[in-house]
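Here is a short report on one protein chain. Sequence and structure come first, then the notes.

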Amino acid sequence: MAEKAYSVWQNQFLIFSNSNTMTSESINMISKSWDLLSRDPQLVTRFYNRLFDIAPETRRYFKDDISKQSEKLAHTLNFLVMNLDRLDEIKESIEDLGRHHNKMKIKAEYYVYVKEALLTTIQETLDEQCESGMVEAWDHALSHVASTMINAPKKREKRKLSLWARLFPNKAAS
């Protein structure tokens, strides 16, 4: 099963590794659906239940009480939706998340299960309000994020200027 998942992962995620932009139509569809989805307090709980049904082996990465993790995922999804038009600008944050997952020894093929569980949960939650193209837009965005996380360099690149120098260029020179 892992070999098949890895093959699916390669096909699903690597094709988006060079695509840092999304169409305005896709961004609008995701934003519109997120306005509806984010109102559902059980959305993330249903996602995790589905994930653990699809891939029970992923359960070991979570504490018994996943309420804090659920909150983190909801915030992460909100951050992603609010920044879909700036994927290049948030790439480093996505890579940091990927490095964190890598340190936890989360296998690359698990991203397939996460995406499947999330897309199914989104579609079922939206139900009649799920417009044509919405799930595909989410699929593209999630594939991009997964690819960025999986392909993140092991270490963050050093910046040429310190944060202080970037925030206060006149003071840094003195």
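## Largest pocket

In this predicted model, 36 residues line the largest pocket. Nearest its centre lie Tyr48, Gln69, Leu73, Leu97 and His101. The space in the largest pocket comes to about 1,100 Å³.

By class, the lining of the largest pocket holds 23 nonpolar residues, eight polar and five charged.

## Helices behind the lining

Five elements each supply at least two residues of the lining of the largest pocket: H3 (43-54), H4 (67-82), H5 (87-103), H6 (110-126) and H7 (134-150). H4 gives the most, with ten residues.

## Packing of H2 and H6

H6, one of the helices that line the largest pocket, also packs with H2 (residues 24-37). Their axes are 10 Å apart, at an angle of about 70°. Angles of 65 to 115 degrees count as roughly perpendicular, so H2 is roughly perpendicular to H6.

Which residues make the contact? From H2 come Ser33, Leu36 and Leu37. From H6 come Ile122, Thr125 and Leu126. The contact of H2 with H6 has four nonpolar residues, two polar and no charged ones.

## The chain overall

The protein chain has nine helices and zero strands. Along the sequence, the pattern reads α-α-α-α-α-α-α-α-α.

Of the 174 residues in the protein chain, 37% are buried. Take the contacts between residues at least 6 apart in sequence: 80% of them join residues at least 24 apart.

How values were computed
Residues numbered from 1 in each chain as written. Predicted model: local features only at pLDDT ≥ 70, side-chain atom pairs only at ≥ 80, totals over all residues. Heavy atoms only, no water. 1 Å grid on protein atoms, 1.4 Å probe; cavity = no way out; pocket = protein on both sides within 12 Å on 5 of 7 lines; lining within 4 Å. Points joined across faces, edges and corners; volume = space filled by probe spheres on them. Helix = DSSP H or I, 4+ residues; strand = E, 2+ residues; numbered from the N terminus. Nonpolar A, V, L, I, M, F, W, Y, C, P; charged D, E, K, R; others polar. Axes fitted to C-alpha atoms, helices over the stretch in contact; angles between N-to-C directions. Parallel < 35°, antiparallel > 145°, perpendicular 65-115°, else oblique. Contact = heavy atoms within 4.5 Å. Buried < 20%, exposed > 50% of the residue type's maximum accessible area, 1.4 Å probe, protein only.
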